[in-house]
Structures are given as structure tokens and as C-alpha cells.
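Please look over the sequence and the model shown here before reading on. The report is meant to be read beside them.

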Amino acid sequence: MKVNGEAAAAEVIKNNNRLNVSSGKYLNLSRANDADGANVNVFTNDDTPEETWRLRYNSSTDAYYIGSMVSQNGNGRVLDAACGGDSPQMYDNIQLHSISG
């Protein structure tokens, strides 16, 4: 998933990687599965690597990527919206995927 702009990237990652500050749920890589298409869900914090994410900037695309620490210490697969068309839509599934551009 590309996040354009520093403010938008900070909003996604803020508060110890929580997806929803009011619920206290964390982004969680399901079953720590480091594979394209692996599901990402929200889960209660259990202090495992599959809840740890790395925000990194790619100057060639001028975008931020959110990489799973399970995948090459945050340098492998990244968050991706599994959309049926060219752009993400509401309720699209979030998954792990190799960077495609």
C-alpha cells in the first residue's frame, strides 16, 4: 500500500502501530504468513512480530510503504488493498504483497 504524503503516513502508523486508537486493536499479519495475498486483520495486542510494521519512504515513487517486519525485517512485502479494479474501494480486503511499483 502506498501512502502519499508524510502526514497521511503518520496517521496510518501513529500510536504504536494501532489501526484504531479507540478500539486498541492492532494491524496483524494473519498466522505470520509471509506470502503474497496473506490476509491482514485487526487483533488484540499480543506482542508478536506479526503486529510490527515498518514505515519506509521510496524516493523513486515519492510514496511511503508499510512493510511487515515478518517479511525481511520490514523490507519485503507491504500492505496492499486487494481491489478488483484499478483503485481501492471501500471494504476491499487488506493483504500482504510484493511491491509492484
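Predicted model: local features only at pLDDT ≥ 70, side-chain atom pairs only at ≥ 80, totals over all residues.

Residues are numbered from 1 along each chain as its sequence is written, and side-chain values use heavy atoms, with hydrogens and water left out.

**Overall build**

The protein has 1 helix and 8 strands; helices (H or I, at least four residues) and strands (E, at least two) are DSSP runs, numbered from the N terminus. Along the sequence the pattern reads β-α-β-β-β-β-β-β-β. Of its 101 residues, 31% count as buried. Here buried means under 20% relative accessible area, exposed means over 50%, and partly exposed lies in between (1.4 Å probe, protein chains only).

The protein exposes about 6100 Å², and carbon and sulfur atoms supply 46% of that area. Accessible areas come from the Shrake-Rupley method with a 1.4 Å probe; for residues, only the protein chains shown count as cover. Among contacts (heavy atoms within 4.5 Å) between residues at least 6 apart in sequence, 39% join residues at least 24 apart.

**Salt bridges**

Side chains of opposite charge can pair when their charged atoms come close. A salt bridge is counted when a side-chain nitrogen of Lys or Arg is within 4 Å of a carboxyl oxygen of Asp or Glu. A search of the whole structure finds 2 of them.

| Pair | Closest N to O distance |
|---|---|
| Asp34 and Arg77 | 2.9 Å |

Asp34 forms a salt bridge with Arg77. Because Asp34 lies in the loop between strand 3 and strand 4 and Arg77 in the loop between strand 6 and strand 7 (78-82), this pair ties together parts that are 43 residues apart in sequence. Asp34 has 30% relative accessibility and counts as partly exposed.

Asp36, at 39% relative accessibility, is partly exposed.

**Other positions in the loops**

Ser30 is placed in the loop between strand 3 and strand 4. With a relative accessible area of 16%, Ser30 is buried. Leaving aside neighbours within four places in sequence, Ser30 is in contact with Asn39 and Asn41.

Ala32 is found in the loop between strand 3 (25-29) and strand 4 (40-44). Its relative accessibility is 32%, so Ala32 counts as partly exposed.

Most residues other than glycine have a negative phi. Asp62 likewise is not a glycine and has a positive phi, of about 55°. Asp62 is found in the loop between strand 5 (53-58) and strand 6 (63-68).

**A position in strand 7**

Val78 is found in strand 7. At 3% relative accessibility, Val78 counts as buried. The C-alpha atoms of Val78 and His97 are separated by 5.5 Å, and the two residues are 19 apart along the chain.
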